[in-house]
Amino acid sequence: MNQRRMKARRARVVEAPGAARTKRGERVAFRFNRIDCLRTISGAVSGAALSAVLGAIPAGGAFASGFAVEHHNARALGAAFAGAQARRADAGFAAYNPAAIAGLARAEISSSATALWGPTEYADAEGVLLGTTPIAGRASDDGVLPPAFIPSFAYAAPLADRIAVGLTVISPFGLRSEFADDAIVRYHALDSRLLTIAVSPTLAVDVAPGLTIGASLRLQYADISLETAVDAAGLAALLTGAPLTPGTDDVLADLDGDDLAVGFTAGAQIEVTPRLRVGFSYASKIEHDLRGDAAFGIEDSAAGAALNAATGVFAPTKFSGALSLPATYALGAAYEASPALTLLASATYTRWSVLDRLEFAFDNPAQPPEAVTQDWSDTWAFSFGADYALGEKTGLRAGFMFDETPVNDAFAGPRIPDTDRYWLTVGLTRRLNERLSADLAAGYVFSADREVALTGAAPEDLLRGSLSTSIAVTTYVAGGRLRYAF
C-alpha cells in the first residue's frame, strides 16, 4: 500500500459545488435486502478497480503504439526504427528480428539506454458523481507522465559458420503515470505502473545464400501496480440513504500483481539483391495471468470503515485477471543507394484488438467477478529513415515515424493520454576503436491532445462518475549505446 497516501490523514472531505446537505435526522427512503446490498457494493467497487487496471495499462508519452516500447537500441532510435528488421550482424537488433545476430565474426555485447521526458498536463477537468454532484478538486495539473528510463542488453556470438546464438533483455511494454490525490480525475486514475522484462535466448541460422532465419523464446515477467480512489460517501448514500455528499469521503484502492509467462519471436532476412535486404519478424501474443494483493485505505474513511463492517467490502484480498499483450508483425527494408547512403523503411502491425475485455476477480466473496470493455483496435506504424557514412568511423542518420493509436475514443480515460504520434529523430555512430563503437540518438515526439469524454453511463462507472478533460503530451527522447566485440 502506498504509505504516503494511506497514512497520516483523515478521510478526504471536499465540498462539492452546489451540493446540498441532508438535514440531521432525515433519511432517504431506500429498501433493500442484504444480498442485494452486497451485490451492488461489490459490483460497483470491483468494477471501479477493474476499470483502474484497464485504464492504467495504456501509456502516453513517446512509447510506441498503446503502451508498447520500441527503445531497445539507440542506433535504431536514430532512424525512427526504420529498417530495424533488416539490420544484420548486430546483437542489438535481435530485439527487432532474431535473425539479426547471424553473420557475426566474433562475440559481442550491446548495451543501450533511453531517457524520455517532457511537459505533460491535463486541463479543464469536470465530472459529476451519481449524476447529480459535481466533483470538487484540482481541475488542471502538470507532470502527469514522469520521466522514464529504459535500459536494454544483448549478447550474441557465432557458434559455427552458419549458426549464431544470443540473449536479449528488454522491456517490451511499460507505463508510468500519476495524478494528485485531490485531482478531479481521481476516481478514474491516480498512480499507475506497468513493468515488463523479457529475457530471450536466440538462435539464428544462415540456411542458404542470402536467406537467414532466427527464433527466440521469450520469458516475460509483468508487474503491475495501480492506485485509484473510490467514492465511499456516494456509495454509502446510495445504499443506505445516509446524509453524505458524494465525493467527500474516499477510499484509496491499491492493487499490486505480477506474473511470468512465455512467448516467442521469429524472423527472417532475405538479400533480394546485393543492395536490398528485407527482414520480417513476428512476436507472439503473451497471456499474463496476473495475481496479487488488493488493499483499501478504510482507516482514513469513516464511510469505508462502516461499509466494511456491515458487508465485508473493502477488505484486503487477492485479485486475479488475464492481461493479453498483443502479437506484432513487422517488415523492414534497407537499400544501399550508394556506398555512403542507405535508405530505410519499416511497417509494423500490432494486434491491439486482444485488449477488448478483461475478466477480473477478487478472492473476497463480497466482491464478485466483473468485466470492463476497452475495445481497442489493431494499429499500423510506418517509419522512414536514412543512414549516411562520413568516412569509415562516423555515420549519421535521421528518421520519421507515424504511430497510430489503438485507443477507442469512447473509452479513453486520464490514464490513456494516447493519440496518433509523429516522431522526428536523428542519430550518430562513432567507431572508437577496432572493437568498440558508440551510438547517440535524439528525438522529438508530438501529437494532438487526448480528449476525454466519459459519460459515466457504463455500469463500471457507477462510482467513478462522468469525466471530461484534455491531456497534452510532448516528449523528448535521448538514447545512447555501446557495442563491444570480443
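## Exercises on a predicted model

Helix α4 (residues 232–240) and helix α5 (residues 302–311) have axes that come within 8 Å and cross at roughly 50°. This is a predicted model, where local features need pLDDT of at least 70, side-chain atom pairs count only at pLDDT 80 or more, and totals for chains, interfaces and linings use all residues. Residues are numbered from 1 along each chain as its sequence is written, and side-chain values use heavy atoms, leaving out hydrogens and water.

**Exercise 1.** Describe how α4 and α5 are arranged, and find the residues that meet.

*Step 1.* Helices here are DSSP runs (H or I, at least four residues; strands are E, at least two), numbered from the N terminus. Axes are lines fitted to C-alpha atoms, for helices over the stretch in contact, with angles from 0 to 180 degrees between N-to-C directions.

*Step 2.* Angles under 35 degrees count as roughly parallel, over 145 as roughly antiparallel, 65 to 115 as roughly perpendicular and the rest as oblique. α4 and α5 are therefore oblique to each other.

*Step 3.* Now look for contacts (heavy atoms within 4.5 Å). Ala-232, Ala-233, Leu-235 and Ala-236 of α4 meet Ala-303, Gly-304 and Leu-307 of α5.

**Exercise 2.** Locate Phe-81 and Leu-130, then decide whether each is buried, partly exposed or exposed.

*Step 1.* Phe-81 sits in the loop between α3 (74–78) and β1 (108–117), and its phi is near 65°, a positive value in a residue other than glycine. Leu-130 is in the loop between β3 (128–129) and β4 (133–134), with phi near 50°, also positive.

*Step 2.* Buried means under 20% relative accessible area, exposed over 50%, and partly exposed in between (1.4 Å probe, protein chains only). With 5%, Phe-81 is buried; with 27%, Leu-130 is partly exposed.

**Exercise 3.** Find the residues with the most contacts inside the largest nonpolar core, and the element that gives the most to this core.

*Step 1.* A nonpolar core is a set of buried Ala, Val, Leu, Ile, Met, Phe, Trp, Tyr and Cys residues joined through side-chain atoms within 4.5 Å.

*Step 2.* The largest one has 20 residues, and Tyr-122, Phe-179 and Val-185 have the most contacts inside it. Two or more residues come from each of β2 (120–126), β23 (450–454) and β24 (467–473). β24 gives the most, with 3 residues.

**Exercise 4.** Decide where to read the model with care.

*Step 1.* The chain averages a pLDDT (the predictor's confidence in each residue, from 0 to 100) of 86, and 86% of the residues score at least 70.

*Step 2.* Over residues 1–61, pLDDT stays under 50. Where pLDDT is low, the predicted coordinates should not be read in detail.
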